[in-house]
Amino acid sequence: MTNADIVVIGGSAAGISAAITARRHYPEKRILLIRKEQSVQIPCGIPYIFGTVGSPEKNLIPDAVLEKNKIDLLVGTATGIDRDKKRIGIEGSDDVVYDKLILATGSIPIALQIKGLDKENVFTVKKDTEYLSALIEKFKDVKKLVVLGGGFIGVEFADELYKNRDIEITIVEMQEHCLSMAFTEDFCKEAETVLRQNNIRLMCDVKVAEILGDEKVKGIRFEDGTQIDADALLVCIGAKPNIEIAESAGLKTGKGGIIVDRRMRTSDPDIFACGDCTMKKSFFTGKPCPLRLASIATTEARIAGANLYGNRRENPGTIGVFSTKAGDLVIGAVGFNGIETAIEAGFDAVAGEAEAPDRHPGCMPGMSKMKVKLVFNKKNGVIIGGEVRGGPSTGELINAISICILNKMTADQIATFQLGTHPAVTASPIAYQLVNASEMAITKMR
């Protein structure tokens with residue numbers, strides 16, 4: 001039997017971050033992390049193993065981070081939790097006894113009810129190194145690939161594969177536009193333009209009825225009767241919380257995952273949970289929301305790991321910060337990315353936008369045209385969302401807007417904040433998009 005003060009089940013972004021945070025806050029405790037994988041993939045880096053990164057082995061979270069923080073590792077499958085005895089069953093090994101437990105069991109791909117999904121050459125995105133290595137080999141023989149799902153993962157896989165494979169790619173999306181669950185229509189259209197320029201075929205506003213072929217995929221039939229050829233299908237339509245072990249232990253769960261309070265504590269005061277396996281609540285409305293991102297997972301993990309032996313942090317709710325890349329175009333969104341979504345949530349909203357080069361003067365090397373859209377609550381001027389389109393700096397600017405939202409900054413505060421600029425790395429202080437978008441919103445409020 002193995003004993004530990006703190007046990008974490010799950011070794012991906014949430015589990016590792018929770019264990020490290022616990023070590024920083026409770027240096028005297030023995031911490032054990034249990035995971036079933038021999039090695040752990042960086043979740044958001046998986047699409048890039050097909051070219052940019054090179055292989056699954058180059059996309060790993062190193063175990064050295066556990067060793068550095070004196071966190072013990074047990075590779076094995078947790079089969080159940082006896083809450084009365086504080087004991088965890090491990091497949092083929094001795095039980096583990098805990099004082100405090102953190103569940104970071106992540107998510108699993110959603111299973112679709114489509115005829116033919118059991119055929120050969122139908123693939124899902126798994127966070128498994130061996131599976132991904134085999135997938136790379138199989139894709140070497142694929143000539144016509146259908147990517148089912150035009151969200152982040154689907155678009156990123158398609159964008160990466162076209163650059164590194166002699167392959168015909170079609171993205172199939174049931175919504176009117178790719179990426180429409182995160183971005184406003186004009187930004188979605190810009191991303192779609194880039195994808196089409198890169199010879200990626202887009203089929204939106206369609207539903208798949210059947211995967212064609214005998215034992216192996218030969219094509220796709222849609223509900224309207226049309227068909228397209230394919231010799232492989234990559235399913236990228238999302239994930240659901242992995243809550244099996246929590247349910248079997250009798251913890252309170254819901255459709256959105258394990259139910260936790262603002263301190264990430266479950267219905268058992270000695271068991272915490274974080275990451276994709278937990279139910280999220282909106283920062284803006286307090287209502288459940290379906291978002292699952294590695295960034296959210298690590299934030300929750302840092303809250304859970306700090307609160308094990310005392311209330312030190314609270315979760316303010318999920319804001320939702322996104323960024324993705326198609327070709328050289330980077331787009332990001334946070335909170336309510338447009339007036340329409342804010343109004344649907346009950347806000348009297350106003351927006352401002354500004355576009356300018358992200359270098360000054362505009363002839364500086366590496367310049368991209370950056371557009372910033374900000375959404376404010378008209379009643380009090382507090383920022384509640386934003387959207388950015390441009391070059392590589394887009395990712396960091398959308399994070400900065402998230403900080404503004406978290407701290408409930410007003411349009412006037414953003415318009416007058418003290419900024420640092422440099423010709424080679426930022427927009428001009430005169431044309432700084434964040435400031436000018438706020439100013440434009442202020443004029444509408446008045």
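What follows walks through the overall build of the chain, one of its sheets and a few of its helices.

The model is a predicted one, so local features were kept only at pLDDT of at least 70 and side-chain atom pairs only at pLDDT 80 or more, while totals for chains, interfaces and linings use all residues. Numbering starts from 1 along each chain as its sequence is written, and side-chain values use heavy atoms, with hydrogens and water left out.

Starting with the big picture, the chain has 11 helices and 26 strands; these are DSSP runs, H or I over at least four residues for helices and E over at least two for strands, numbered from the N terminus. The radius of gyration comes out at 23 Å, close to the 22 Å that the globule rule gives for 446 residues, so the chain is as compact as a globular protein of that length. That radius is taken over C-alpha atoms, and the rule is 2.2 Å times the number of residues to the power 0.38. Along the principal axes, the C-alpha atoms fill a box of roughly 65 × 60 × 40 Å. Of the 446 residues, 52% are buried, where buried means under 20% relative accessible area, exposed over 50% and partly exposed in between, with a 1.4 Å probe and protein chains only. Among contacts (heavy atoms within 4.5 Å) with a separation of 6 or more, 65% link residues 24 or more positions apart.

Now for the sheet. Five strands make an open, antiparallel arrangement in the order β22-β23-β26-β25-β24, with strands counted as paired if DSSP finds at least two bridges between them. The edges belong to β22 (321-326) and β24 (349-357), each with a single partner strand, so one side of each has no neighbour in the sheet. From one strand to the next, the twist averages 10°. Angles here run from 0 to 180 degrees between N-to-C directions, using lines fitted to C-alpha atoms, for helices over the stretch in contact.

Strand β23 is mostly covered, with 6 of its 7 residues buried. On the β22 side, 6 bridges hold the antiparallel pair together, and A326 has L329 of β23 as its bridge partner. The two strands form a hairpin with 2 residues between them, and G327 in the turn has a positive phi of about 60°. With β26 (residues 383-390), β23 (residues 329-335) pairs in the antiparallel sense over 6 bridges. There, V330 is partnered with G390, and G332 stands opposite V388.

Helix α5 (residues 185-197) packs on it, touching β22, β23, β25 (369-377) and β26, at about 155° to the direction of β23. Helix α11 (residues 433-445) lies across β24 and β25 and runs at about 145° to β24.

Elsewhere, helix α3 (residues 129-139) has T129, L132, L135, I136 and F139 as its buried residues. Seen down the axis, these fall within an arc of 120°, so they line one face of the helix; the arc is that of the directions from the helix axis to the C-beta atoms. Their cover includes β8 (122-124), β9 (144-148), α4 (152-164) and β15 (232-235).

Finally, S402 is found in helix α9 (residues 394-406). This serine is buried, at a relative accessible area of 13%. Leaving aside neighbours within four places in sequence, S402 is in contact with I319, V321 and V334.
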